[in-house]
Structures are given as C-alpha cells and as structure tokens.
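Here is a short briefing for a first look. Please view the sequence and the model, then read on.

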Amino acid sequence: MRSSLYMLNTLKNLTGRLQRQIIRMLDITCTMVVGEVHMEKTVAESLDMKKCLEDKLYLGDSRIISYAVNSKLEYSDEELPRELWKQLEYELNNHVSDETETIRGIFDVMEEQRCSKKKVIENCRRMLGMMSEQNGTDVEKLEKLIGEYEIFEEFRGAVLELCHNRNISKSADRKEYSTMVARAVAYMEQNYTEDISLETCAHEIGSSYTYLNRAFKQETGMRFVEYLNQCRLKKAKSLLIRNSLSMKEIVEKAGFRNYNYFFKVFKENEGITPSEFAAKN
C-alpha cells in the first residue's frame, strides 16, 4: 500500500513539474491525464484517458486530470434550432446592427447543449459562410484556423471578433453620407434600444439640433424618428422570426416605448400585424 501511494504521489509531482516547464519554456498550453499504476488493461485504459482530453473543449486547458475520479462529459450532435439560423440570416441580409448578440446566443446554445467539437466546427463554418460576402478575406483566414482550435472560448472569441470588425468596416464604408450624418447613423444603430432623440444625438456628435435635422432628412430621405423606427423594426422582425420571446420582451429589446406604439409603427410599415408577421415567417 505504501509503495503504491508513493508511486502515485511521485507521478503527480512529476506531471506537475513537467506541465509547468512546458508552459514556461514553450509558451503553450498543456493538459495531462494521469491514470492509476497497474499492469493489466493498460492499453485500453490509455485509450480511455486520451478521450478525456476531449473535455478540454469546455473545461479549458492547462489542467492535470485524475482518470480515477474524472467524469467524462457527454457531447451532443443535435442540430441548433432552425429559428436561430433564420434570425441570423435575416439580420445579416438586412444589416441589423447588433447581430453580434444573436451570434453570442448561438454560442450560448452550443455550450448549453455541449455540442461536440465536430459540431462546433460545423456551426462556426456555417456562421462564417453567412458572413463571407461582407468579410471575404478575414473569413478565409479564420476558416483555416477553425480546425486548429481546441477550446470552445477560442471558437467564440474568433467569430465574435470577426463580427465586431465587420460592424466597424460597415460604419467606415458609409460614403454616401457626410461625416456628421454618418456619425449620427452610427450613434443611432448602436443605441436604438435606448431612449434617444434627435437632441441627444446632436449633443453626442457635437452638432446643432436644427442643422442635423435638416442634413439628416436631406441625405437619408427620412426624418430622424423615421430612421430610428426602421432600426427598431429590423430588430423586432428578427426577434419575431426567432419566435422564442414574448411580445412584451420583443418590444423592450427592440427599443419601443410601449406595445401600442410598436403595433402602430409595425402595421404602418409592414401592412400586417406583428403576430401575422411571426406566423408568416
């Protein structure tokens, strides 16, 4: 008994020192699985130990795992809800400004379902394919890296960063507007869920109320409140397509003051009620 405990303790110290040396000298992550000391079933157990390394996808790296007390995670190859993909497709095609929130939601669902690495890669490549038209070169680079990632947070961080860069690029490409109106549009698209007005926007971008009002109408063809409502309607429609929230939550997340005003604006612009739109899509 003393001999076995001594061997286990020695093995633990050895793997700990080895891991620290690898991280310090090679500047890479290092995950190890330590098994029991015995002579029988060594090969079979070593294969099972190798499978334990797959759990670093969600549990993270640079860990030493004891095989004897480790519980293997159960993975799923279940498809993500179709409504999630429909929502993202609508937001990308209609330039809804905060599709980042939807992408973050997709990763949350993958983590909750404990999607397998194969499924995570498949879903990431599907998102990249949907964004490829706007971010061709960046998507190609990320496509090559996706297969090399081992940690779920690496997948999430890379796709969200691409989405963030896409929004920055989209704002910079607004050459049809003057600098002032482009800044007003960017401010509106970033804050449409808040209680904003032409006055607050003018103050934020350093312009006068009257000048911004005239320039905005002249360049966009819409009054400030009309453009603001269009931003809110796009978000509301994407949430209606998702069909997982109550109407009250949709109204709040889209930035409308109350349901009656939301209903009025929606009916005037779409010709149908929000409920009819949700049923149709």
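Is Cys52 buried or exposed? Cys52 is buried, at 5% relative accessibility; buried means under 20% relative accessible area, exposed over 50%, and partly exposed in between (1.4 Å probe, protein chains only). This is a predicted model, where local features need pLDDT of at least 70, side-chain atom pairs count only at pLDDT 80 or more, and totals for chains, interfaces and linings use all residues. Residues are numbered from 1 along each chain as its sequence is written, and side-chain values use heavy atoms, with hydrogens and water left out.

**Cysteines**
- The count of disulfides (pairs of cysteine sulfur atoms within 2.5 Å) is zero.
- The closest cysteine sulfur to that of Cys52 is in Cys30, 15 Å away, which is too far for a bond.
- Cys115 is in no disulfide either; the nearest cysteine sulfur, in Cys124, is 9.9 Å away.
- Cys115 is buried, at 0% relative accessibility.

**Helix α14**
- Helices are DSSP runs (H or I, at least four residues), numbered from the N terminus.
- Helix α14 covers residues 259–270.
- Its buried residues are Tyr261, Phe262, Val265 and Phe266.
- Seen down the axis of α14, these fall within an arc of 125° (taken from the directions from the helix axis to the C-beta atoms), so they line one face.
- They pack against α12, α13 and α15.
- On the other side of α14, Asn260 and Glu268 are exposed.

**Thr100**
- Thr100 sits in helix α5, residues 99–113.
- Thr100 is buried, with a relative accessible area of 16%.

Key
Helices (H or I, at least four residues) and strands (E, at least two) are DSSP runs, numbered from the N terminus. The expected span of a helix is 1.5 Å times one less than its number of residues. Contact means heavy atoms within 4.5 Å.
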